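Colleague: Could you take me through the reading of a sheet, and then of the helices and the ligand shell, in a model such as this one?

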Amino acid sequence: MVETAEFERWLREIRKLTGRPRLSDQTAASMRGLTKLVRDTDPRVIVELGTGYGLSLRTFLAASDVQVVSVDRSHGGFRASLRVLPLSDQEKARLALLEANVFKIEQVPWYPWERVLLYVDVHGDDLMRHIIEHFVETLPAGSVVCVDDLWYSEQCLTEETAPQFYESVIKPLLDPKAKKARTRLRHYADYWHGGSFYGFAEVHPLMEWVNERRVWVQLVGIQGWAKQIWFEV
Ligand SMILES: C[S@@+](CC[C@H](N)C(=O)[O-])C[C@H]1O[C@@H](n2cnc3c(N)ncnc32)[C@H](O)[C@@H]1O
């Protein structure tokens, strides 16, 4: 089992490679959370939308021995990361990289009888609408969806309280160089069971779908620190 020290090493290597002093993609805590999610839900295949430099991807490979399919419109960053964080032959054999725009994928990368863990780490409201319609709603029963970059507030957020929530909970976690992400992280939506979720624009269609179906959403990790949610379909 991969330990926190190994996650920290991955983060150090990717920070050096990218020149980003603080990388917001994952933390050692979020990678521990993903490891636990994989162990608890025991999927037959893991499908990731958004490979990036491969931090979540490496976590999934280390946490299980199932096939991992990882989609990105460009795997240039991930290929560069292999120079500093190579995969073992056994990990390479279980990995399928799909270089494609999520909007253009016509066939879902799983069989109808497999329980899937679908990990969504791409952003945008149109993209989330597309993912819900073409991926989430076609998942085999018992599959799990995990969405990155969503923070929970027990209090329903308002125009007044949302900026405070951003300043105190989210801003300290962000990479100061990721200016685009910082300006796009300004959205929130209420959750049917209470409170609100804060994140990128995809929070609106996602919560609309969740609220309509009364989907029970759980946090990956500890409340206040958690930056991912998951639910079963
Ligand atoms: C936040 S990064 C992923 C981080 C990664 N999961 C990790 O934990 O290290 C998001 C990635 O999604 C990719 N992406 C964004 N929009 C996409 C789209 N429409 N289709 C495919 N990939 C997309 C970007 O190229 C980027 O590499």
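Modeller: Two strands count as paired if DSSP finds at least two bridges between them, and please keep in mind that this is a predicted model. Strands of a sheet pair through backbone hydrogen bonds, either parallel or antiparallel. Here an open sheet of three strands has the order S6-S8-S7, and its pairing is antiparallel.

Colleague: Which strands are the edge strands?

Modeller: They are strand S6 (150-153) and strand S7 (187-190), each of which pairs on one side only, and from one strand to the next the twist averages 25 degrees. S7 is joined to strand S8 (residues 196-199) by four bridges, with Ala-189 standing opposite Phe-197 in S8.

Colleague: Which helix lies across S6, S7 and S8?

Modeller: Helix H7 (residues 161-170) does, running at about 65 degrees to S8; helix H9 (residues 203-213) also packs on the sheet, touching S6, S7 and S8, and its direction makes about 10 degrees with that of S7.

Colleague: Which residues come nearest to the ligand?

Modeller: Of the 19 residues around the ligand, these are Gly-50, Gly-52, Leu-55, Ser-56 and Asp-121. The shell comprises seven nonpolar, eight polar and four charged residues.

Definitions and conventions:
Residues are numbered from 1 along each chain as its sequence is written. This is a predicted model: local features need pLDDT of at least 70, side-chain atom pairs count only at pLDDT 80 or more; totals for chains, interfaces and linings use all residues. A residue is near a molecule or strand if its C-beta atom, placed from the backbone, lies within 6 Å of it. Ala, Val, Leu, Ile, Met, Phe, Trp, Tyr, Cys and Pro count as nonpolar, Asp, Glu, Lys and Arg as charged, and the others, Gly among them, as polar. Helices (H or I, at least four residues) and strands (E, at least two) are DSSP runs, numbered from the N terminus. Axes are lines fitted to C-alpha atoms, for helices over the stretch in contact, and angles run from 0 to 180 degrees between N-to-C directions. Two residues are in contact if their C-beta atoms, placed from the backbone, lie within 7 Å.
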